[in-house]
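Please open the model in your viewer and keep the selection panel at hand.

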Amino acid sequence: MAQYMLLLHQVPNYDLDLPREKMLEMTKRYMSWAESLGAKGKLAGGEKLTAGGVRLVKVKDGKPVVSDGPYAELKDVVGGYFVIEAKDQAEAEAIAKDCPHVAISAANWIEIRPIESMAEMRAQAAAG
Amino acid sequence: MAQYMLLLHQLPATNAQLPPDTMTDVVRRYYEWAEAMRQKGKLVGGEKLAAGRVRHIRMRDGKPLSSDGPYAEAKDVVGGYFVIEAKDDAEADAIARDCPHLWNATNWVELRPIDLMTAAEAPRAKAVG
């Protein structure tokens, strides 16, 4: 088994104007999907990220500087994520294709990223 | 306590150019920071994402389609993430500023509050169904 991260991309604030019932229905679709994936032992985690409240930390003259990130002005934002378990890339893709995030809006898309097992390097780093 | 996600942005070639010894040293800095955070009860999770093998899924004509995502050609990539616990935005900022990902001037951290709405809405979402 390998782990994959699904980064849920979207247009900022596309869900801002939705009526409350519609929003709850959408939430329910994500939740039911996550629950059934969890029941199959295929879900390792996932959260919704807040729309806004983004802070960027960059290095300026050797020091970390924090600034407010643009959110509403961006073309594309990450609205949330799932971490899934899959036996290979093909299974990870099948799971991602089934994720309600892509069905909910034509502007939504998913970036699938294999998670790198760092066990070996961590052990090496810890030993060194 | 609130949870925050740190998305670790970087140039695609950042780690590919490093000599193995430097790479081990960099990994050690992330590892030691994560261990210290874990011991303080501030770390929920975190992983390194592979360089490459990126796939994109989008709807085309009502069907989900997968395609190769760019990695080496991308201007900016997410190389990994941490999920942390902090009592407020100020503490989250301080933790992010201390993150070893900022070891190089082109790396940067996107700090995102995690929306606990999902958990709060759960009973109501079920009731709606």
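Which residues of helix H2 (residues 89–97) of chain A are buried? Select Ala92(A), Ile95(A) and Ala96(A) in this predicted model, for these are the buried residues of the helix. They cover an arc of only 100° around the axis, which puts them on the same side of H2(A). An α-helix has 3.6 residues a turn, so residues three or four places apart point the same way.

Next, show what the buried residues of H2(A) pack against, namely strand S1 (2–10), strand S5 (77–86) and S6 of chain A, together with S3 of chain B. Stay with S3(B), which runs antiparallel to strand S6 (residues 109–116) of chain A and is joined to that strand by 4 bridges. If you select Ile110(A), you will find Ile57(B) in S3(B) standing opposite.

Now widen the view to both chains, where 43 residues of chain B are in contact with 45 residues of chain A. On the side of chain B that touches chain A, S6(B) gives the most, with 8 residues, and the residues of that side divide into 23 nonpolar, 7 polar and 13 charged.

Finally, select Tyr4(B), Met5(B), Leu6(B), Ala96(B), Val109(B) and Leu111(B), which have the most contacts inside the largest nonpolar core, a set of 20 residues. S1(B) gives the most to this core, with 5 residues, while a second, separate core of 19 residues includes Leu7(A), Ala92(A), Ile110(A) and Val54(B). Leaving aside neighbours within four places in sequence, Met5(B) is in contact with Leu49(A), Tyr81(B), Val83(B), Arg112(B) and Ile114(B).

Methods:
Residues are numbered from 1 along each chain as its sequence is written. Chains are lettered from A and ligands numbered from 1 in the order in which they are written. This is a predicted model: local features need pLDDT of at least 70, side-chain atom pairs count only at pLDDT 80 or more; totals for chains, interfaces and linings use all residues. Two residues are in contact if their C-beta atoms, placed from the backbone, lie within 7 Å. Helices (H or I, at least four residues) and strands (E, at least two) are DSSP runs, numbered from the N terminus. Ala, Val, Leu, Ile, Met, Phe, Trp, Tyr, Cys and Pro count as nonpolar, Asp, Glu, Lys and Arg as charged, and the others, Gly among them, as polar. Two strands pair if DSSP finds at least two bridges between them. A residue is buried if 20 or more other C-beta atoms lie within 10 Å of its own, exposed if 12 or fewer, and partly exposed in between; C-beta atoms are placed from the backbone. The arc is that of the directions from the helix axis to the C-beta atoms. A nonpolar core is a set of buried Ala, Val, Leu, Ile, Met, Phe, Trp, Tyr and Cys residues joined through C-beta atoms within 7 Å.
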